[in-house]
Amino acid sequence: MAMGLRVRRLKEAYKLISPGKRCKQLVKDSNLLPPLLNYSKNSCAHTNTRCHHDHRYSTISEAVPELLVQLDFPSIIKSTIDQPEGPSHCWLNGIPDKNSLKDGIFLVLVAGFVDSSSITEDDFVSMLEKVKFLQHRYPFLQIIGFQDTEIPLCSSDICTHLLGRTLREYITFPVLLANKDILEISSEACYLMFKGSEGPSIYYGKEADMVILDKAIKDFRVQETKNPKIMHNLTSTWVKPTDDFKEPPLCFPLRNLLLYFPGGISVDESGNRLFLSDSNHHRVILLDGNGMILDSIGSSPGHEDGEFESVKLRRPTASFYHATEDCLYLVDSENHAIRRADMGRRVVETLYPRSKTNKSSSIWSWILGKLWPANDLAAQSEELNPDALVFPWHMLKSPNGDLLILNRSCETLWIMDLASGMIREVVKGFSNISEICEPLIQEKSMLLNQIPNDWLQQQVDAHCSSKRTPYVELISSVKTFQDQILICDTVGQMVLKLNRNSGSISSFQFSNLGILGFPYWSTSPLERVCAADAALAANSIDHIESFYLLPGKVDIRLNVDIPEYVDLVEPLSESCIWRQTRGAAAEIAEADSTITSSQKVGVAQQWYDEIDHLAFSTPEVEATIEEGTMSRAEEIPEGKVEISCSVNLSPGTSEVIISAALYLRLKRDSDASSDSRERKAARIADLLNPGTRASRDVTLQFLLTSKRDLEEVIITRPIHVRLKFDCPNHPKADNSKDIILTDTSLNVNVALK
């Protein structure tokens, strides 16, 4: 077999280096392709002897295969970085940081992101997982996807297709689309790796496994520097990076949907509880059979144990509830981990892999762990285990008590001992896995067979199922509950329930949404706000207003007008309001401003110590209501939301940031023909994308193709209001010793766009 591959590579090399019509046409047509190496008919004898060029052919036995044709790929990327779109290229989901292009190590995945007809879907997903794994393992690595196409650049079909793929695969690196044939390597996808302006090395997709790519990155890293950088560029010296986590820019607006790729569901029948993995929101939602949300596990993307409010997950999927232990076992897919949530103590801990932080218990190690992520250094010192848990997705419990963990395509099985959390065996190949898991998989398949085929076909189009067992990729998305079958709809971003008696399908209705709190992607840490006045520039700011007030207590009443065509799903609760204040005696007007006076810094610190950072109080509601009067909730007119809070201001410059999450949906029209589906989708897209035309069009296309009732779509609409205060010194009392504190009331009116 190895000899056959060598012969095939020789034929491909012959096509590439021979001065045929195809190579000449490539050079003539492409304005992006640099000149190839000079060659002549006599430079290489077309025999079994090796060519006298500095190139080798990629084979399985060669750990670091070299490129066949000299390509100036770094120059191609750098020539496109200044503009998101050009005559021959466009960046589909964002562009990389231009400043990082100078010295970084690049890994380019050349494959069919838009049209994967050249390779099978399973092979493409496997390549994608390798790249994402290396991206997590080496944060310094610059990842780029590349695809050439004959389709017009930036067409809506391309963007919609990529949006759907990004939702499923969570592509967090930019994808470069070009209408020129830059690389011609038969019909095979490959990896390109290069550093700086050096020429790339080629690694063929099917032949380059994770160990080969990992070794190549380490070799590049050793060549780059003998002293790897530990420090990271931070917005503020107080800000800890979020584990170098990136999210796909193409999907930013869709994150404001209530559910964002529900990846798995499990049940606790006796406790009437459901556990829904809201995968791309990096959380698990606990709810009862009526849809009332009881709790939420996960605060933001990352990997950190702790209480439900602070624990960090990274794309959780399947789960399994252990009734005896009252614990929920979670597949933390992109952390390559299994987590255990103690429902009684409300604490999450990592079952696998075992944490290695206990090896060093010094206070300095603890401080470094809090300030700086250690995955960069750890990855360079650890050897890659090819049998380790990588991108798990499904979880089943075997009759003997073991946990059966499978990847998404069901091509790899990890058998884990539940008591010790150790992996006892790794099985590869769907046929071998079927011998072990066939009864459990068939049980899930029987549930899927009861679901209408047209709905399943829509899901299969998204998952490209090609296994002997139909819809095997969906086994974690279906579960029985009482007389219903619950299905996670990853295309429509909702949960459906099928009545097994009547056969009717309806969407699952949610309530008590305020318990989910304020979305993590819309928050700005207090220390980051202090470091830069424009720190919230990435977030949409609904209202900014400045006031000149005397120091003291300020009661703020914020009145928010919502659009007339939407309804508030439920009244705003205190649990979904996020407020913070910052202040200093010195002006902080620009992001790069510095404080030169040490006296001002001292006063600012004194302000924090005296006020204890935050001082909030909620206006008390009268216990009794006089006859003929209305309650406070009834006084608020329809279409308005009121938020009240109080803060204490000291002399100097202060700022209050009031944020809340409003859960909205379109008003249900009695006359269905009065508003077209396109009009409804446009209104939702406007709420999700205020002022961003390009993203709005992609979102609009996504909503129109989702085949769901748009009047049931729940939108999380974050609002941000920034109130700036300039306060003089405290007025003195008549005795010139005491100071006077002033009580002030403010009304702030905001209209949502």
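**Exercise 1.** Which strands does H3 lie across, and at about what angle does H3 run to S5?

*Solution.* Before we start: this is a predicted model, where local features need pLDDT of at least 70, side-chain atom pairs count only at pLDDT 80 or more, and totals for chains, interfaces and linings use all residues. Residues are numbered from 1 along each chain as its sequence is written, and side-chain values use heavy atoms, with hydrogens and water left out.

Step 1: Helices (H or I, at least four residues) and strands (E, at least two) are DSSP runs, numbered from the N terminus.

Step 2: H3 lies across S1, S2, S3, S4 and S5. Its angle to S5 is about 85°, taken between N-to-C directions on a 0 to 180 degrees scale, with axes fitted to C-alpha atoms (for helices, over the stretch in contact). Contact means heavy atoms within 4.5 Å.

**Exercise 2.** Find which residues of H3 are buried, and say where they sit on the helix.

*Solution.* Step 1: buried means under 20% relative accessible area (1.4 Å probe, protein chains only). In H3 (residues 73-80), that gives Phe-73, Pro-74, Ile-76, Ile-77 and Thr-80.

Step 1: looking down the axis of H3, these buried residues fall within an arc of 160°, so they line one face of the helix. The arc uses directions from the helix axis to the C-beta atoms.

**Exercise 3.** Work out which strands stand at the edges of the six-stranded sheet.

*Solution.* Step 1: the open sheet has the order S1-S4-S3-S2-S5-S6, with mixed pairing. Strands pair if DSSP finds at least two bridges between them.

Step 1: S1 and S6 (201-204) each have a single partner strand, so one side of each lacks a neighbour in the sheet.

Note on methods
Buried means under 20% relative accessible area, exposed over 50%, partly exposed in between (1.4 Å probe, protein chains only).
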